[in-house]
Amino acid sequence: MTALRIAATGLEKHYALDHGKSVKRAVDGVSFTIQEGERVGFIGVNGAGKTTLLQLLAGISEASGGRLEIDGRVTSIFTLGLGLRDEFSGLENIYVEGELQGRTREETARVIDDIVGFADLGEFIGRPVRTYSTGMKARLAFSTIVHIDPEILIVDETLSVGDARFSAKATRKMKELTQRGRILILVSHSMGAIQDMCTRCIWMEEGKVRLDGVPAVVTKAYLDQVHKEDDGRLFERFRRELVDESQMPGWKVASLDMRSGLDAGPVRTLVTGEKAEISVVGHGPTGSGLDARLHLRRLDGLVVLESLASASIGPLSVGANGEFGLRVGLGELPLNYGTYLARIDILVDGQVAARRSTLFEVINPRPHKGGRPVLVYPSSFNITGLPQ
């Protein structure tokens, strides 16, 4: 086998819109080189140009401009099981796919036992594919492709084929291919899969390469950008839910912030199981007594918490500098994924003197299956006064 390589220089792909009156650039001046043994992951939001680029590399689509040089035979997996013949048995489909990939029947026969064993379909291997489940079709298609000795393998969102055991086996197989000098190109929305599988990551945005480098660095930059954009959309969508009002002269809630144990500054996104707290700072007439009512609810209307500070630490008072504060420790955040509103009401003689609210999002890296629980595990909230 000669050295494998892919070199793209100024690659472009245009699509005519509105009967040719306007043009969309799905891939816009993209340049990169991939050498043998590399496992390269492509990430980006839907419409960033990832799949179009892969279609150009696979020869499914032609570029509108630029230069593409590929040294090696390309095998692509875009929709697992799509090309299977329903009336043929699994075994017959393996031989057909082998012929489509340029293999003789004898060459396919030499790896047939490996393919059948890897797919783990049991007696179904001799039955018509129309009797297979979607997962069984995916396992057969994947097993066939990776055992026909691909030189450059392009995979578009197929790491989740079958069950978790088969997915892990598929991952090991693709790593094994690159250890033998093959090239793997993977597109996935799973940042975990990209970090686990790839030695390099390319982030695409609006048809261009935004960042190319180490998977851990590129995926973090991508997620930071996504979260920042999500924060902006979240605020705009639920702006009407936010309040910042003073109902008694001299009273004001100056800030209501969510804070993470991993970040010293205010954040809009918290992570289930990580330390978190709510920080409140306000102003009022010096020496005045007050109480504070904390209200937490999910934006579908479900109330998570409503608690008075006096029930935990007794009455508060405004300091000599005209400032008061609260710190509400949420511990290892017990809230499950979702969008939440936090509101603080400052009470004077039982009446609302001032109030403020903020929005925050909770993400859970290990979500529970089934239903949508609010609390992941029981927890007590710790309310303390801010030192003056």
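Q: Where is Glu206?
A: Glu206 lies in the loop between strand S8 (200–205) and strand S9 (208–213). Helices (H or I, at least four residues) and strands (E, at least two) are DSSP runs, numbered from the N terminus. Residues are numbered from 1 along each chain as its sequence is written, and side-chain values use heavy atoms, with hydrogens and water left out. This is a predicted model, where local features need pLDDT of at least 70 and side-chain atom pairs count only at pLDDT 80 or more, while totals for chains, interfaces and linings use all residues.

Q: Is Glu206 buried or exposed?
A: Glu206 counts as exposed, at 65% relative accessibility. Buried means under 20% relative accessible area, exposed over 50%, partly exposed in between (1.4 Å probe, protein chains only). Glu206 also has a positive phi of about 50°, although it is not a glycine.

Q: What about the phi of Asp120?
A: Asp120 is not a glycine, yet its phi is positive, about 55°. Asp120 sits in the loop between helix H3 (105–119) and H4, and is partly exposed with a relative accessible area of 37%.

Q: OK, H4 then. How many of its 14 residues are buried?
A: Eleven of the 14 are buried, so H4 is mostly covered. Among them are Met136, Leu140, Phe142 and Ile145.

Q: And what covers the buried residues of H4?
A: The cover includes S5, helix H2 (90–100), H3, S6 and helix H5 (164–179).

Q: What span does H4 reach?
A: H4 reaches 20 Å from its first C-alpha to its last, close to the 20 Å expected at 1.5 Å a residue. The expected span is 1.5 Å times one less than the number of residues. Asp149 follows H4 and has a positive phi, near 55°.

Q: Which residues does Ser143 touch?
A: Not counting residues up to four places away in sequence, Ser143 touches Ile115, Phe118, Ala119 and Phe166 (contact means heavy atoms within 4.5 Å). Ser143 is in helix H4 (residues 134–147) and counts as buried, at 0% relative accessibility. The side chain of Ser143 reaches the backbone oxygen of Arg139 at 2.7 Å.

Q: How many bridges join S5 to S6?
A: Four bridges join S5 to strand S6 (residues 152–156), and the two run parallel. Val155 in S6 is the bridge partner of Ile77. Two strands pair if DSSP finds at least two bridges between them.

Q: How big is the largest nonpolar core?
A: The largest nonpolar core has 32 residues, and those with the most contacts inside it include Trp251, Met258 and Ile346. Such a core is a set of buried Ala, Val, Leu, Ile, Met, Phe, Trp, Tyr and Cys residues joined through side-chain atoms within 4.5 Å.

Q: Which strand gives the most to this core?
A: S19 gives the most, with five residues. A second, separate core of 23 residues includes Phe118, Leu153, Val155 and Val226.

Q: Last one: what is the order of the open sheet of three strands?
A: The order is S2-S1-S4, with antiparallel pairing. Strand S2 (22–35) and strand S4 (65–71) stand at the edges with a single partner strand each, so one side of each is left without a neighbour in the sheet.

Terms used
Polar contact = N/O pair within 3.5 Å; in protein donor to acceptor, adjacent residues only side chain to side chain.
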